[in-house]
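Subject: Handover of a structure

Dear colleague,

Please find below the structure that I am handing over to you. My notes on what was found in it follow directly after.

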Amino acid sequence: MTAAAALDDVAQAPHQAAALDAPPAPGQLALPAPTGRYRVGTVDLHLRDASRMDPWMPGQQRELMVSLWYPATHTSNYPAAQLPVSQQVLPGGVTLPTTAGHTGAPVDRRAGKLPVLLYSPGLHGHRGQSTALVQDLASRGYLVITLDHTHDSGDVVFPGGRHEVT
């Protein structure tokens, strides 16, 4: 096809050309539903240790963001937890899903003593990367603790919107 023929096709179908120029609609992401018998609760904690300095930033206190995921009782009055917002997600690029966790929902004491799992994502990872796995484990009766290592995780978001990056 020649360039002139291609231009003629565009002129005859302006709606197709406009569709090509339109910005893409954001994609909607979804997480799989947990498979366990318990509902899921979660709480985020901003931990500071005044007795320790950050190993990567001398002169700054050591601080971490931690999330606890656990079997919960009633969750209807507690909001669904959002994934931590990261600078690595382009605004308008995707719509982040809510999780199966409900912020601040009470622990289901009928689950008994909970085995504790510590999820550390590794170098440049963040605590939200394995949310589907973590919430599934909580729905099966585990207390799962996820953490962001400040200045070691790729992007840590603190209360108030402060970001610390590697």
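Thr75 sits in the loop that links E3 and E4; helices (H or I, at least four residues) and strands (E, at least two) are DSSP runs, numbered from the N terminus. With a relative accessible area of 9%, Thr75 is buried, where buried means under 20% relative accessible area, exposed over 50% and partly exposed in between (1.4 Å probe, protein chains only). Apart from neighbours within four places in sequence, Thr75 is in contact with Arg39, Val40, His102 and Ala105; contact means heavy atoms within 4.5 Å.

Please note that this is a predicted model, in which local features need pLDDT of at least 70 and side-chain atom pairs count only at pLDDT 80 or more, while totals for chains, interfaces and linings use all residues. Residues are numbered from 1 along each chain as its sequence is written, and side-chain values use heavy atoms, with hydrogens and water left out.

The protein as a whole

The protein contains 3 helices and 10 strands. Along the sequence they follow the pattern α-α-β-β-β-β-β-β-β-α-β-β-β. Of the 166 residues in the protein, 34% are buried. The accessible surface of the protein is about 10100 Å², and carbon and sulfur atoms account for 59% of this surface; the areas come from the Shrake-Rupley method with a 1.4 Å probe, and for residues only the protein chains shown count as cover.

Six strands form an open sheet with mixed pairing, in the order E4-E6-E2-E3-E8-E7; two strands pair if DSSP finds at least two bridges between them. Strand E4 (80-82) and strand E7 (116-119) are the edge strands, each with a single partner strand, so one side of each has no neighbour in the sheet. From one strand to the next, the twist averages 40 degrees; axes are lines fitted to C-alpha atoms, for helices over the stretch in contact, and angles run from 0 to 180 degrees between N-to-C directions.

Strand E3 (residues 61-72) is mostly covered, with 10 of its 12 residues buried. On one count, E3 pairs with strand E2 (residues 39-53) in the antiparallel sense over 12 bridges. Val43 stands opposite Leu68 in this pairing, and Asp44 has Ser67 in E3 as its bridge partner. E3 is also joined to strand E8 (residues 143-149), again antiparallel, by 6 bridges. Here Trp69 stands opposite Val144 in E8.

What surrounds Ser67? This residue belongs to strand E3 and is buried, with a relative accessible area of 5%. Leaving out residues up to four places away in sequence, Ser67 touches Thr42, Val43, Asp44, Arg127, Val144, Ile145 and Thr146. The side chains of Ser67 and Asp44 are joined by a polar contact of 2.5 Å, that is, a pair of N or O atoms within 3.5 Å; within protein, one must be able to donate a hydrogen and the other to accept it, and residues adjacent in sequence count only if both atoms are side-chain atoms.

The helix on the sheet and the core

Helix H3 (residues 131-139) packs on the sheet, where it touches E2, E3, strand E6 (98-103), E7 and E8, and its direction makes about 50 degrees with that of E3. Thr131, Val134, Gln135, Asp136, Ala138 and Ser139 are the buried residues of H3. Just after H3, Gly141 has a positive phi of about 105 degrees.

Val40, Trp69, Tyr119, Val134, Ala138 and Val144 form the largest nonpolar core, which has 6 residues; such a core is a set of buried Ala, Val, Leu, Ile, Met, Phe, Trp, Tyr and Cys residues joined through side-chain atoms within 4.5 Å. Residues up to four places away in sequence aside, Val134 touches Trp69, Tyr119, Val144 and Thr146.

Two further loop residues

Thr150 lies in the loop between E8 and strand E9 (155-157), and counts as buried at 1% relative accessibility. Thr150 and His126 are 24 residues apart in sequence, with 9.7 Å from C-alpha to C-alpha. Asp54, in the loop between E2 and E3, also counts as buried, at 3% relative accessibility.

With kind regards
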